[in-house]
Amino acid sequence: MTARLTFAGSVVCFLLALVSAGLLLPAEVPLHFGGSGEPDRWGSRTEALVTMGLGGGLLALLLGGGAALVDMVPVVHLNVPHKAWWIATPARERRVRSMMRTDLYAIAAATMLLLVVVVAATTGAARSDDPALGPLFLAGLACYLTFVTGWTAWSLRTRYRPRTDT
């Protein structure tokens, strides 16, 4: 439940970021940045908002929808460490599906928050005299990658290890 609410909150943050961008973006907006962080493609405010909105909406739908539909995935398609142990009893299968749902919502929330950073960094770059992706984007990306790497490592090494209590 907490993971689902966290995901929902991240979607609300993304929507608020888009509304803010709609109010703050100038007519011409950097739409793509090269490896140096400098813009290499420009477009209109409308194109930027539609692109970011559709991209974020599609990701929210795919990631959040995937989490919501975990119980509908046939057991043969579950991909977890120690799968045979987790599906050996109905109680374990319910538990692993709940864990998977939480994992998917957590990764989805982190991804949506990264998109909030992307919208904010794009807005900042568009309003700057020297447009470029700055430290906000790099810090957001570093936090996202650290979170996803840490969550994945914890999941693989600890979270899905067979338990002695069930």
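Helices α1 and α2 are roughly antiparallel to each other, a label for angles over 145 degrees, while angles under 35 degrees count as roughly parallel, 65 to 115 as roughly perpendicular and the rest as oblique. Their axes cross at roughly 175° and come within 10 Å. Here axes are lines fitted to C-alpha atoms, for helices over the stretch in contact, with angles running from 0 to 180 degrees between N-to-C directions. Helix α2 covers residues 45-68; helices are DSSP runs of H or I with at least four residues, strands are runs of E with at least two, and both are numbered from the N terminus.

The α1 side of this contact is made by Phe7, Val11, Phe14, Leu18, Ala21 and Gly22, and they meet Arg45, Leu49, Met52, Gly53, Gly56, Gly57, Ala60 and Gly64 of α2. Contact means heavy atoms within 4.5 Å. Sorted by class, there are eight nonpolar, five polar and one charged residues, where Ala, Val, Leu, Ile, Met, Phe, Trp, Tyr, Cys and Pro count as nonpolar, Asp, Glu, Lys and Arg as charged, and the others, Gly among them, as polar.

A word on the model before we go on: it is predicted, so local features need pLDDT of at least 70 and side-chain atom pairs count only at pLDDT 80 or more, while totals for chains, interfaces and linings use all residues. Residues are numbered from 1 along each chain as its sequence is written, and side-chain values use heavy atoms, with hydrogens and water left out.

Now turn to the partner α4. Helix α1 (residues 2-24) packs with helix α4 (residues 90-127) at an angle of about 15°, their axes 8 Å apart. That makes α1 roughly parallel to α4. From α1, the residues in this contact include Ala3, Phe7, Cys13 and Leu24, and from α4 they include Thr102, Tyr105, Met112 and Arg127. By class, this contact has 17 nonpolar, four polar and two charged residues.

Thr102 is partly exposed at a relative accessible area of 28%, whereas Thr111 is buried at 10%; buried means under 20% relative accessible area, exposed over 50%, and partly exposed in between (1.4 Å probe, protein chains only). Leaving aside neighbours within four places in sequence, Thr102 is in contact with Ala3, Trp151 and Arg159, and Thr111 with Leu59, Leu63 and Tyr144.

Follow the chain on to helix α5 (residues 135-159), where Phe137, Gly140, Tyr144, Ser155 and Arg159 are buried. The buried residues of α5 pack against α3 (83-86) and α4. Ser155 has a relative accessible area of 7%, and, not counting residues up to four places away in sequence, Ser155 touches Asp103 and Tyr160.

Finally, what about the cysteines? The count comes to zero disulfides, a disulfide being a pair of cysteine sulfur atoms within 2.5 Å. The sulfur of Cys13 has its closest cysteine sulfur in Cys143, 15 Å away, which is too far for a bond. Cys13 is partly exposed at 36% relative accessibility, and Cys143 is exposed, with a relative accessible area of 53%.
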